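Let's take a friendly walk through one protein model. Have the sequence and the 3D view ready as you read.

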Amino acid sequence: MSDDQNPNEEEFPIQDDGNTTGDTIIKVNGMFKDWFLDYASYVILERAVPAIEDGFKPVQRRIMQSLKDLDDGRYNKVANIVGHTMQYHPHGDASIADAMVQIGQKDILIDTQGNWGNILTGDSAAASRYIEARLSKFALDVVYNPKVTPWQLSYDGRRKEPINLPVKFPMLLAQGAEGIAVGLSTKILPHNFNELIEASIKHLQGKKFTIYPDFPTGGIADTTNYNDGLRGGKVRVRAKIHQLDKNTLVITEIPFGTNTSSLIDSILKANDKGKIKIKKIDDNTSAEVEIQIHLPSGLSPDKTIDALYAFTACETSISPLGCVIEDNRPLFVGVSEMLRRSTDRTVELLKAELQIQLDELEEQWHFASLERIFIENRIYRDIEEEETWEGVIAAIDKGLQPHIKHLKRAITTDDIVRLTEIRIKRISKFDIDKAQQKIDSLEEQIAQIKNYLDNLIEYAINYFKRLLKDYGEGRERKTELKIFDDIEATKVVIRNTKLYVNKEEGFVGTALKKDEYVTDCSDIDDIIVFTEDGKMMVTKVDTKTFVGKNIIHVAVFKKKDKRTIYNMIYRDGAKGASYVKRFAVTGTIRDNEYDMTQGNKGSKVLYFTANPNGEAELVQVLLRQTGSIKKLKFDLDFADIIIKGRNSKGNIVSKYPIKRIELKEKGLSTLKPRKIWFDDTVQRLNLDARGEYLGEFRKDDRLLIINQSGKIKTVIPEVTLRFDDGMILLEKWKPKKPISAIYWEGEKELFYVKRFLVENEDKEEIFITEHPKSYLEIISTDYKPLVELEFYKPRGKDPKENQTVNLEEFIAIKGINAQGNQLTKEKVKQINLLEPLQFDEPEELPAEEIEVVDEENVKNNSENKNSESKDDDDPRDENGQIILNLD
């Protein structure tokens, strides 16, 4: 081993061919380093990552060149195309055929025939010997031009192949690309054909543009975090799901990257795990996706849709990564920059094509002018006396000189040689007028090409507009862009297991089936537990968990729940006073133990209730007979106790021992009604003041929903509700407030008016006739609505004046199934809803103003508060706490 060699480097003796003696020492790690870098570079540049110039990977470029080589307007067997491509591509036929099928399925460059597979179902294409292909008209228009194509020798040197094809369109963004190389990968999502052209035009006009993905499978996409397709971005894609009836959901579009088979498998797995609950699935997919999901009766379709998004492949997340090859190096770049570079390259290619066209036209003009001079001036006669070729050339050159001052370049020997090749027949039939017309036509074409070159940007814009006109039809956006709401899995998961508790021993879990049943729950739920010594803990559902002996309450925990209020009376220490408190638990650290008392040893909970709507009961407190105590029992109303944080000390109940506490009267909710808003952006209800305010809702209040199809229903407002795209009215339902509707009756072809009340709050009903031509024109929930009728002008008569109709006077309130009254017999041009007449609506009883105080804002220590004077009869101390004097 030499002195400079690393002792960790292995050496292997490599024998030579026998011409010399001895062994040759080669460092394996050096070989590995060089070979690995060569391999990595090859995979990156020649296999996995597309070039930014034309948007093709090498195999795709070679397929496109082979298609052009074989193009005669007719279909070719794919097997033949694959075989021809192997002259350019040094790899197997299977990889070429797979790459060609992927191009064909994108329906941009290849016109296909036969079974090319189905991206919706995941079915593969037929064997390459059974399917055929040819170039599409679009590909022939924008991909090829040998005159501006740079060429190189193929891998074996037998043929020439394009280094890059002169693609005059952002093909990379239209098709998308995905590849995994050594040490890097790329994932460029497909974009909409028409939107790319429009964005290119905007770029040329100096305007800003934004482009978003458009997937061939359709679906709904949230591109809020797209990040221009760069690393770190994310696109959420959802299937399109709608409700067919109360027990059936239908998936009509699927997320990109999935197919109906994988989607159904994910739904069945979620069902097997108990995350969702379904009866069966029918896959009716053919040309379009149709997956019917049948639900058990009584299951909420809205919650099931959310659960499908939360637990199955009905929602997927795609992380784009814009990586391309430029100058034989990987370049990480966003889709906007890709489009700018593609558009700028298109402009350069158009310029190069125009310049070549101009040169060819000028050459044609030059020779046409020479030909006319040669024949018109009979210069061909000057060569009759010449005996040598040089003499012929010189004679013609001499004869042309007096007539060539207007030419744009000097005459060359090649020009003169071409003149000598003109046949006698052509000279004898030469028409000077036709020759001049040809020259004039060429001059017009030259002027036009020069004008294009002088106004190159405008020419490029017109080029893109032509592409949009010729090829844009039928390429409208398939993927709907929407901002998604965040689905909380715990709110939509099916409660697939049962929770049990052993209160005495202090165990909770799903495996304690011999102990006391608590509630149904899911395996992703948290549970909240209170024990007799005043301890509280939140823990995850498990088979068996010890939380502390003498459990007094256990339930499924809802994070950030301000409406569940806990009422508690506890004794401070073994012989201390008793306190009362009301509090909410909005958030905790899982598996941490919290003390709801003051932490003194021997503290004990004497009374405890959990109230999901903040109910405040009335209890009777019975004291033990000790000393000179006179009043042994008294009532305590929890409605008098302010709701504070869970760490609050509470108000003193008595300094004497309590014998027992009895429930005297159940209480009503002391919380304010919930304020609910509707966010039109995500089409969901919320409690966070986002969107349109719908009102304050008590426990039994409902929402009124009316669709354009004439369907009406009332629902209990839950944040998991989903709304149809055809919804035209959403407001708080007032049972005694009439609904006025004007609709077109399809059979009688007249407008009808009806006013009605919702009679069955739990049933969805249709209040217009079911004739296919019937449609809803006007809907109003005002007490006294007014409408204005505009009429068509009768032929030969003066137009009838607009008519105002008070719908309250026009028709009385009838049943929801009544047809209504005919609005008018005249031919109505338009119906306008006017401002309603004034009506004093009866006021609702105001809710009691009691709020839940956030724990962070509660300060238990109030020693520094200034004391204020108060009446002797005021039952509150300086801290505002109720003191029940039991003496």
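Predicted model: local features only at pLDDT ≥ 70, side-chain atom pairs only at ≥ 80, totals over all residues.

Residues are numbered from 1 along each chain as its sequence is written, and side-chain values use heavy atoms, leaving out hydrogens and water.

Where is Ser154 found? Look in the loop between strand S6 (151-153) and strand S7 (160-162); strands are DSSP runs (E, at least two residues) and helices are too (H or I, at least four), numbered from the N terminus. Ser154 has a relative accessible area of 5%, so it is buried (under 20%, with a 1.4 Å probe and protein chains only).

Now for the strands, which pair if DSSP finds at least two bridges between them.

| Strand | Partner | Sense | Bridges |
|---|---|---|---|
| S3 (residues 76-77) | S5 (residues 132-135) | antiparallel | two |
| S4 (residues 110-113) | S5 | antiparallel | four |

Within S5, Glu132 is the bridge partner of Lys77, while Leu135 stands opposite Ile110.

Finally, find helix H7 (residues 193-204) and helix H15 (residues 456-471), whose axes come within 10 Å and cross at roughly 165 degrees. Axes are lines fitted to C-alpha atoms, for helices over the stretch in contact (heavy atoms within 4.5 Å), and angles run from 0 to 180 degrees between N-to-C directions. H7 and H15 are therefore roughly antiparallel (over 145 degrees).

Technical notes. Buried < 20%, exposed > 50% of the residue type's maximum accessible area, 1.4 Å probe, protein only. Parallel < 35°, antiparallel > 145°, perpendicular 65-115°, else oblique.
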